[in-house]
Structure formats: structure tokens, C-alpha cells
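This report covers a two-chain model.

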Amino acid sequence: MDKAPVRRVRRTASGPSSAATTLPAAPPDYRPALLLGSVFVIATCGLIYELIAGTLASYLLGDSVMQFSTIIGAYLFSMGIGSWLSRYLGGSLLRWFIQLEILVGLVGGFSAPLLFLLFEHVSSFRLILYGLVGLTGILVGLEIPLLMRILENRFEFKDLVSRVFTFDYIGALLASLVFPLVLVPQLGLIRTSLLCGALNVVVAGVALYRFPETRPFRRTLGGALVASLLALTVAFGYAERLQAYTEGLAFQDQVIYTKTTPYQRLVLTKNQRELRLFLNGNLQFSSADEYRYHEALVHPAMQALPQARRVLVLGGGDGLAVRELLKYPQLQHIDLVDLDAGMTHLFQHNQMLLELNQRALLNPKVRVTNADAYQWVRQDTSRYDCIIVDFPDPGNYSIGKLYSVAFYRALEQRLAPGGWAVVQSTSPYVARRSFWCVAHTLEAAGFTTLPYHAYVPSFGEWGFILAGRNRHWRPDAGPLPPGLRYVTPATIRDMRFFPPDMNEVPTDVNQLNNQALVRYFEEDWGPYAH
Amino acid sequence: MPSSRRHFLQRAALGGAGLLLAPLAGLHSCAPGSSRSHIRGSMHGANHTTGHLLRDPAQLPAPTRTEVVDVLIVGGGVAGLTARRELERQGLRPEQVLLVELDEQPGGNSRAGRNAVSAYPWGAHYLPVPDPRNHELLAFLREAGVLTGTDAASGLPVYNEYYLCHDPEERLFLQGHWQNGLVPELGVPAAEKAQIARFFTLIDELRQTVGSDGRDAFRIPVEESSRDEQFRHLDSQPFANWLDEQGFTSPHLRWYLDYSCRDDYGATAAQVSAWAGLHYFAGRKGRAHNANGADVLTWPAGNGFLVEQLRQQAHSAIRTDTVAFALHQTPTGLAVDCYDVAARQTIRVTARQVIMATPLFITERLLAGLPAAARRPLPVHRAPWVVVNLTVEGLPQGPGQPLSWDNVLYGTDSVGYVDAGHQGLSLTDAGPRVVTWYRPLSAVSPDAARRQAYQTSYDDWVRQALAELETAHPGLTTQVLRADVWVWGHGMVAPTPGFVWGAARAAAAQPWQNQLFFAHTDLSGISIFEEGFYQGQRAARQVLAARGAGVS
């Protein structure tokens, strides 16, 4: 686990309160030691909650320096609020302390599972995140002042300050070492969070049963304590499954989101540099270089159609192709058809992904339909100036049907006169026969084809095929939108050139009754499968 | 109270015995041991209660009214429907023709059903890509939208891709693994593989072979095949004997050939003739621009699709639930007494010509009132079949090739199942689907098998089907929503030795006095769509010729 550098400035001095407390005199010796031990545990857990929040924020929201810095700031500030609030606590301080520990255990313990769960459902995830960080910070901020007040009469002030902060800082050191080296690799974020929660509750338990003055409220607090411990333990048991699930060995980076829809398994992973989406274990895009893929997919066709008004996108539920399309202000309507509602919903609601696709799927020009593309294309009656076909690779018979002559004939019915379709066609370098099979299949359906390819570092050489009814296409037909990072008229010209190792090879035509492409694809990619 | 105490003891003893026996009952019910009580469905069948009215026609009422038509067709299977279509194409007006069918809908062995999940076949379910020389069949397919054009360069027909069976087409469950294709390969010893290769080399040769009369040795329709004695003599011995003689002894090959015979003829390689066994393979000469000779055309409803197309391509009346039960001669033609099952009354239909598009055992009963010369006493070996349509929530898959159109389990009594949803274009295999499981009852004599089949309960059929399918799809039983069972008591003709090239078959197809004509695959000896179509075309043409010659 390569963690972001955690520079740590621990704790503003939370001034010891001067409020006097009335603890019975002459307690047995071991009890101050017990409380100092509690300081150690509390400090460790408190820092770990902060680390969890920082890590999660950088996983889920990206930009780890920014996330860590703001999370730490917010957390420390909240601790300050907690310290300040501690002055208002009076009466039985031990009782307050025990209640506080149970609360910290619950809030801190469930923070990671809660954030993972809410990430999917909540549009303003940041608000929830900082709310939770603030709440945990306030509670943790209350702990040390409260403990110091409890210990106030048992030590000299200079001893008290020295001992409490010694344990506090040792706990912090332990936490900062154990968190990246042991806890996250061994337990994962969710279980780490739950484990710390349980430790806080155990601290509460020790205090409750070791101090005779807790007798009057032992019964009520004991019930809450057992219930909390039980809840954390149950969650811990569940988390194991969830964690094993999300942090499958297949992914080298931290898995930040997973969802199994009726059609596929979506997995988002994240490291410092990039966000990656995997569909059924296959890389769909990396945020680091997806612009190359999507610019190459969209602009060679669109620049040839300065009059285009209506566009159809098949597949592409991530909205990234639509993002490129929306750079053409003359477009009036974009129909996006993606089978998987889970996919389009994610890219319409998740903060980080909305930033990536620039809220493309929420644009009023865009109509998102969750339907089977094949049925949809056969039932639809309108025509489109441009059709972007961005299906998954033809790795199985069901998807192979979407690359068949019959499908392309149906597609041709949807293309306006003079329009262009573009088809993502796997890698002409790795899967040379597959790529040219798609080209030949489009030709068998009556299209004129213009194959081209682009280098996308995450994918390697990737192929696309322009398909239209005529040959009136130029790499510099119309103006390209400003701000493109990859595609220029010169790039387009270059992309059309196929060196000998990717050049055309004879292939069969992919038909529903021979699925030639699926077989080519299996054979072509076979040597690359692990 | 002693009596109630005794009662209690009795019940306790019974309960105890029940507990002891329960595991045995569980063992018996079916190996994977999941309950079938959640499965709904019912028993269907070519209406044998209606059909069996023919056994005692005397009890049917006397005719209460008379109708007059030019041509009456008795029987609404593929042959009858083809004749109806052809008569109209050749100029008869719809009102001149009437077709009567005893079942509630036409289709014969190509009947189909439908439920909320899918249409599905009850019998025949595919048409091999036809021989392009079969022009009439091609014309029908063109009209039906199955054939969409002709490739300019090759001159070969282009078929509608949605109807050509999608890949993956066939798989075989062998050694616990689904292999691609039905010819056993997985774990087959080299010596057996060599025999299999030799067999198919021989078939390729036979497919090209032409007899001394210039005709193909094997061709569809059967009638177009060579009369050359060197091929005809293959009709005199069982296929199994011939295979023994030729040294084709590989158990895997023999299983496959037996499977093929059961699949197309409902009879084993020991029951059909060598000519028929070879014709199954060497007679297929399909060619197409966008398919190869081994490809087939199929639909969710199976050949129910073709039946519907035949029906739609003509307009004359079809009267279902109507049992023709007796024919008489009249001064101007023939009178046919037809019992309307719904109205419970008999109508006498007089016609100048009658086409008997019925299986010969029915024809035999209907013609009982005519002179001996009109009758067609041709004994036909006819195996019963059972077909089970299973509506399943999902189909747990084993290792190997994914779910295909035709799925066969090596070494079983059935001929496997087809997936009605195979031609669907959906991206996902999830969700309910219908699979159709076929089992010819070819193990014993047809009559005994038929009696036994009629006595077998719905529950027994479902149990047998699931016990077999569970071996390849463990846990399937829990996924079954419906199981519908159809028992075909009289299945279809099997080309037993001497049947195809015997004199009796040729004689049976001859018209009688320009009044009575015969059209049924029984008269071909091979029950496939192409033969039914051929028989219907032939009979229609004979009728037209008779009308042209004899009447004007």
C-alpha cells in the first residue's frame, strides 16, 4: 500500500481545564495507570480515524495532497471545538468519559463503512465526509481534556501534562506506523475503522467496571456498551466479506467503489495519479489518458460533420464520449443508449465522476436510455448525423452480435444521408485480425470504411473505424473545438496510417451464424490473458 | 380411553414407519433431491381424444348439412398447408379450397406454443440451409422473408441473418464438460477419431456421388435421389449392420450416428435402413452465400414459424377442430363427412378432389368406405415422442462451451434440448427462458411404447426429464417455473429397411381416379419439412393436372 505522505502535526495544546472535580480520595494505585493506558489507546484510535478520513477522501475524491491537508485541518479544528466544549461538562466526569468513549467508538468505528456505503448514493458526498470528520474530531477533542480533569487530583500538574502528552504522542506514533504498515494491508479500511471503534468501547468498558464510583450507572451504560460492541463486531464480520470483495487481488490500486449490476461488475480504483474503471475486470478507462481515447473516438467523425445536429451514442455510459460531443455547440440532441442503468446512474451522480465527464449526462441536450442497443436500434425510427459505437470488446457471443453484419445493417438504417458512424474496434496491434474483421464486416454491410488508430497508454494501440456511405471525408473538413489535447488535423492524418505490423489482413465477415469475430478475439488476446 | 390410545399408538407406528421410509422415498424421487412441487404446467398432446373418435366413426352423428368445394384438403400439417398454398398460387380461388384439421390449430408436427417468456416449438424446430436446386422451396422462403436475395457474384441465395442459427450452434455434454459440436471429440481415443474421420470422408464422397441415371445418389427430396441399384440396395439392410460391415465400430461414432437417427427419424440405427442413415448426412447439400451447408434456419417457435408463413401465404378457409371421418364416392366426386367438435355436428363436404394430407394410419381409417383400390395399406413404423418445454429462471451452466442452440447430453435416451431464446439479440443471458427437451421413445416396439407413453403420468415425464438434465445442470430443478409435456403418440415415420425404395411406398403415393390424392411425409419415408413441402407441392400439382385433363 503506497500511502500518501502523511505529515503530521499532532494536536494543539488543549489547555487543561481548571474546573475542579470531586473524585473520592485515596483510589487504589492501578487506576491512574489504567487511565493513562486509556490515553494511549484513545490517542492511537483518534489518529487512525483521521488517517482513515484522509485516505478515504483521497481515494474517493482524488487529489490526495489537497484531501489530506483539508481533512487534517478540519479534524484538528474540530478537536479544538471539542476541547473548548469540554469546559461545559460537569457532574460525574467518569460517566461523561464512558459515554464519550462509546460514542467515539460508534461514530469513528462506523465512519469508514458509512463513507464507503454513502459514496454510491449521496450526491453531496463531500458534505457527509466533512460532517463526519467534524463530528469525530469534536468527540476526540473532548477526550483528553476530560481525562486530564479526571486525573487532575492524582498527579501534580507538571506530571499530569507530561504523562498524558507522552502517552498521547506515543499513541500517535504507533498509529502512524501501524496504519499504513499493518492495519490497511491486513484489515483494510473498513475493518480498521471498526476495530478502532471497538477499542474505544473497550476503554469505556474498562473504566466502567474498574471504578467503583460507576456503580449507579453501570447497568444503563453497560447495556449501551454491550450493544455497541455487538454492532461493531457484527459489522466487522460483514466487512470482511465486503473488503475481500472490493480489494480483489485483480486490482493493483485501492478499490473505491464496486457494484454488481444485472449486467456487469463495475469497479472503480484509484491511486494518486489516476482513477480507473473496470467492467467485469476489463479496463474501461483511466482518467490519466482517457481523453486520448475519447477525443480519437469522437472528433475524426464530428469534424467531418459541421452540420451535424443529432448524434447517437451506443454504449459509453460513462458519458466521456458525450463530454467530447458537447464541445460542438451546433449539436441539438444526443441520444445515449447504454444497457446498464447502474453505470449511467453512477456517472450522473458521483461527484468525482461528474468532474471527469463534466456533467455530460446531465446536460439537457442529452437523453439517456437504458436499453439493449440491438433492440433499440431496430425499433428506433429516427436518423442521426453521427453514431458513436462504443461497445465493450467482443469477448463473448452476446456482445459479438453487436459487431455483426446484421447489426451494422440495422445501424445503417439509423444513419442520416452523409452521416458517419464510428466504431471502437479493439487493438489493431494485439488483435489485428479482430480489428480488420470489424472493418470487413462493416464493408459487408455496405459501408465505406476509414480505419484509424490512436495510442492510449493505458490500452496501447487502439483502433477505430469510421463508416459511412460515401468517401467524402477529410481530416480537416471542419474546425475542431478548442482545447483538445490530442486530436488535431495532423493527428487525424497520422492516425490513418497503419504500419506493416498492424496493416490489413484478410478475415471472415462476422455474422450471427459464425461469430467469427469472437473467435478471432479469443485467439488474438489469448496470449495476453494471464 | 383405550380406543383412542390404540389409535394413538397406530398413528405413532405409522409415523415411525414413515420416518424410516422417508429417506428411501427421497432417494427414489430423484438423485439431486430437490422437490418439484413448485413446478407448474400440464400435459398436452396431439389431440388423441379427438383423434381416437376415428376408431369408432359409427358413433358420430349423421351429417346435418352439406357444403360444396372444389378441393378439400384433409390435414393441416406442412404437406396440407403447402398443397393449399400451391393450389391458390396456381389459380384456384380461395373459396374453391377448404382445409380441415382435427386439432385446434394447424401445424402437425411443427406445432408451436407460447407463454409469457417466449414462443417455443412442440416438435420440428429447424430447417437446414436448403439445396439451392430446390427452387420451389426457395421461392416459398423468399416470400416468407427467410431468403433475402441472391449474391450477384456467386449466384447463391442470401438468407436472413436473424433466422440463420446464431453461433454457438451445438454442444455436447461429454465427460462432464460441454464440448463444441455434437461429434464426440473430448477424450475420444485416436483409433476412434480415425474412424470418425473416415466416416465423414465417406459422407463427403457420397454427397458428391452421382448414380448411373445421372441423379445424385442422395438428395432431398428423396424422390430426386438416384434409382441406381448400387445405392438402392443400401435400403435393404439396417444401418447398424452396414456400419458393422464397414468396420465403423467406434462406440463414440456409433453413439453419434444413433443419436442422429433418433433425432431425425425417432428410431435407432438398428431400426432404420442403411440408405436412410446415410441419406441423413449425404442428402444435405445446402449452399448459401452467407452460410455453409451445415447451417440451419431456426426460430423461437421452431418450424411453427414456417407453418405460420405457409398459412399466411394463402387465403382459403382452414377449419380446425374438425374431424374428417369417412369418405364416400358420389356421381361427381367425393363426399367427406366432417365432425365439428365444438358444434357437435357433422357436415358433409362434397369435393371434386380430395387431398389426404394425413398420416397413413388415419388415411386408412378414413378410406374404409371406398373400394380396395383406393386404399393405401402401407405399414409405417412410427415411434412415439415426448417433448417437455421447461420454462426456467436460469440454466446453471457447467464447464465448457456456453449455452448453445442445440444442447445434447452424451449417452442419454433423449436427443437433448434446444434453447428457444437462442435467436434473441439481448445482451444478457440472465432472466427466464424456455428450453425444449426431446425424447423419442425408440427403445421398444412402437405400439408398446405408445401404450406405455399414454400411461405415463405428467409427473413421471417431468421427473425423467429433470433427472437427465440435472446431470449437466445441477440445481436446475429449483429453477424450473413451468414444465409442459406433449406426448406425440404417433410421432413420425421411420425409414425402416425396405420402406423408402420398396414398391409399396411408390404405389401408395399414386392418386386414385383423379379424385383422391395423397400428400404426407409418410409417403417419403423421411419426416422433414422439405419432404412435407415436396409432398404438398406434388399433390397440388397432380390435382391441377387432373382438373386440366379430366374435367374440361
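B:P106 sits in the loop that joins β3 (97-100) to β4 (112-114) of chain B; helices (H or I, at least four residues) and strands (E, at least two) are DSSP runs, numbered from the N terminus. The model is predicted: local features need pLDDT of at least 70 and side-chain atom pairs count only at pLDDT 80 or more, while totals for chains, interfaces and linings use all residues. Residues are numbered from 1 along each chain as its sequence is written, and chains are lettered from A and ligands numbered from 1 in the order in which they are written.

B:P106 has 24 other C-beta atoms within 10 Å and is therefore buried. The term buried applies if 20 or more other C-beta atoms lie within 10 Å of a residue's own, exposed if 12 or fewer, and partly exposed in between, with C-beta atoms placed from the backbone. Beyond residues up to four places away in sequence, B:P106 touches B:G76, B:L81, B:E101, B:V307, B:R311, B:I318 and B:T320; a contact means that the C-beta atoms, placed from the backbone, lie within 7 Å.

## Annotated positions in chain A

An unreviewed UniProt entry places the feature "binding site" at A:H294 and A:D318. The two are spread over 25 residues of sequence but cluster in space, the largest C-alpha distance being 10.8 Å. UniProt positions are given in the numbering used here, feature names are shortened, and annotations may be inferred rather than shown by experiment.

A:H294 belongs to helix α8 (residues 290-302) of chain A. A:H294 counts as buried because 26 C-beta neighbours fall inside 10 Å. Its contacts, leaving aside neighbours within four places in sequence, are A:L320, A:A321 and A:E324. A:D318 is in the loop between β5 (310-315) and α9 (320-325) of chain A, and is buried, with 25 other C-beta atoms within 10 Å. Residues up to four places away in sequence aside, A:D318 touches A:L277, A:Q284, A:F285, A:F347 and A:N357.

## A sheet in chain A

Four strands of chain A make an open antiparallel sheet, ordered β1-β2-β3-β4; strands pair if DSSP finds at least two bridges between them. At the edges are β1 (254-260) and β4 (282-286) of chain A, each pairing on one side only. From one strand to the next the twist averages 20°, with axes as lines fitted to C-alpha atoms (for helices over the stretch in contact) and angles running from 0 to 180 degrees between N-to-C directions.

Six bridges link β1(A) to β2 (residues 265-270) of chain A in the antiparallel sense. A:T260 stands opposite A:R265 in β2(A).

Chain B has 16 helices and 21 strands. Its radius of gyration is 25 Å, close to the 24 Å from the globule rule for 552 residues, so chain B is as compact as a globular protein of that length. The radius is taken over C-alpha atoms, and the rule is 2.2 Å times the number of residues to the power 0.38. Buried residues make up 50% of the 552 residues in chain B.

Between the chains, 17 residues of chain B are in contact with 18 residues of chain A. On the chain B side, nine are nonpolar, four polar and four charged; Ala, Val, Leu, Ile, Met, Phe, Trp, Tyr, Cys and Pro count as nonpolar, Asp, Glu, Lys and Arg as charged, and the others, Gly among them, as polar.

Methods: Two residues are in contact if their C-beta atoms, placed from the backbone, lie within 7 Å.
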